[in-house]
Amino acid sequence: MTDVLTRPSGEQPPTAVSISPLTVSAAVPATVGLAFFQRPAAERRPVLATWVAALPALGPVEMDDADGVHRLTALWLDHYAGRSAHTAESYATDLRLWLDYCAAKGWDALRVRRADVRLYATDQTERHATSTAARRLASLSSWYEWLLDNEATGAMRNPVPKTGRPRGQTQSSTTTALSAEQAAAFLDQAAIDGGARVTPGYAEQVRRRTAAMLAVALTTGARVGELTGANIGNVGHTEGYDVLWVRRKGGQRQPLRLEPPVLRLIHDYLDERGTRDPEAPLFVTVPHAGRPGGQRQDRKALGKLVRRIAKAAGIPSWATLTPHGLRHTFITLSLDAGAALRDVRDAAGHASVNTTSHYDRNRGRLARHPGGRVLEHLSHAREAIPVRDADC
């Protein structure tokens, strides 16, 4: 194997990066997803270097060039993987989409113009939500800035415009979410569902796993990666509450409160499973079709489960319901129940209340106009004013 990320002798790396040896492995993975970026660095780096070397539209691959774009791109993704696997996954996906687009147009990604990026942005906004297009452009801007900061060979400018980018939606989100009645029916169905084509002897474990996993998703607002990436040891206790510790975007750890009925479902599942190993995944597969089981639940399997349970519960929108829709439901039901916007923002792990407000389906309705509360507040204020003597 060839060492691709070691600088020439005596040469110091730029201060913006931490240089670590990375080697090229033989196999080239088609994708590098969340589970990949959650691997230990020593396992992740050789595969990451190989994946980056196979990216299109970056010119000749010169992995022995310490300042080469391929090497620095691998370092960029590895740097963010150390901070947040979710961010690294998004960056890798967004970069691959952009480079595939450049390759289809016959462009060199290091020589594109702002007009080219705007053409790509237009294409993205026609195909996807504006918030998705905006995120993808932000990912590309981060990549170009990284190359410039580290003086990558051939990098001349950041072509991603700082103004005129697609803006996230300003109205309520269009993601499929459940009403309170539908959410209750969904959890009721999850509690009795025995699974589809379950290996004999594992039906009860599957039923308890489904009940616990979907209850956690719907009552904590956990992201898909946070749910599937949790270990048994992440269930804990703090500030007088039972919690599930998750690692949010940006890498910070946050406790998500587990209500007593939800915690009981988790314990029931672990009792049936027969393990309390803190390092083991919280929710795992069971043996099926020759596969041994014991692996983390993944996004695809969770998506299928959500749709199957929703269909069985008689929910009309079952075909478009996703695991993210359960997180959306948690946020909208919290706001419908009168929870303060900032409290919901904190629970959801949003960086801004503006993001949380997009989930508020009752935003702007006259029933929530604060005028009545102002009058009530003034009424209490008047009652607190001492009564003056008429002769004063």
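Student: Leaving aside its neighbours within four places in sequence, what is Thr210 in contact with?
Tutor: Look for residues with heavy atoms within 4.5 Å. This is a predicted model, by the way. Here Thr210 touches Ala190, Leu305 and Ile309, once neighbours within four places in sequence are set aside. Thr210 itself belongs to helix H8, residues 203-220.

Student: Is Thr210 buried or exposed?
Tutor: Under 20% relative accessible area counts as buried. Thr210 has 0%, so it's buried. Also, Thr210 and Phe283 sit 73 residues apart in sequence but 9.2 Å apart in space, C-alpha to C-alpha.

Student: How many residues of H3 are buried?
Tutor: For a whole helix, go residue by residue with that cut-off. H3 is mostly covered, with 12 of its 15 residues buried. Among them are His70, Arg71, Trp76 and Asp78. The buried residues of H3 pack against H1, H2, H4 and H6. As for length, H3 (residues 69-83) reaches 21 Å from first C-alpha to last, close to the 21 Å expected at 1.5 Å a residue.

Student: At what angle do the axes of H5 and H6 cross?
Tutor: Roughly 150°, and the axes come within 8 Å. Angles over 145 degrees count as roughly antiparallel, so that's how H5 and H6 run relative to each other. Their crossing is right-handed. H5 contributes Val117, Tyr120, Ala121, Gln124 and Thr125 to the contact, while H6 brings Thr130, Ala133, Arg136, Leu137 and Leu140.

Student: And how do the residues of that contact divide?
Tutor: Into 6 nonpolar, 3 polar and 1 charged.

How values were computed
Residues numbered from 1 in each chain as written. Predicted model: local features only at pLDDT ≥ 70, side-chain atom pairs only at ≥ 80, totals over all residues. Heavy atoms only, no water. Axes fitted to C-alpha atoms, helices over the stretch in contact; angles between N-to-C directions. Helix = DSSP H or I, 4+ residues; strand = E, 2+ residues; numbered from the N terminus. Parallel < 35°, antiparallel > 145°, perpendicular 65-115°, else oblique. Left-handed = near helix turned anticlockwise from the far one by under 90°. Nonpolar A, V, L, I, M, F, W, Y, C, P; charged D, E, K, R; others polar. Expected span 1.5 Å × (residues − 1). Buried < 20%, exposed > 50% of the residue type's maximum accessible area, 1.4 Å probe, protein only.
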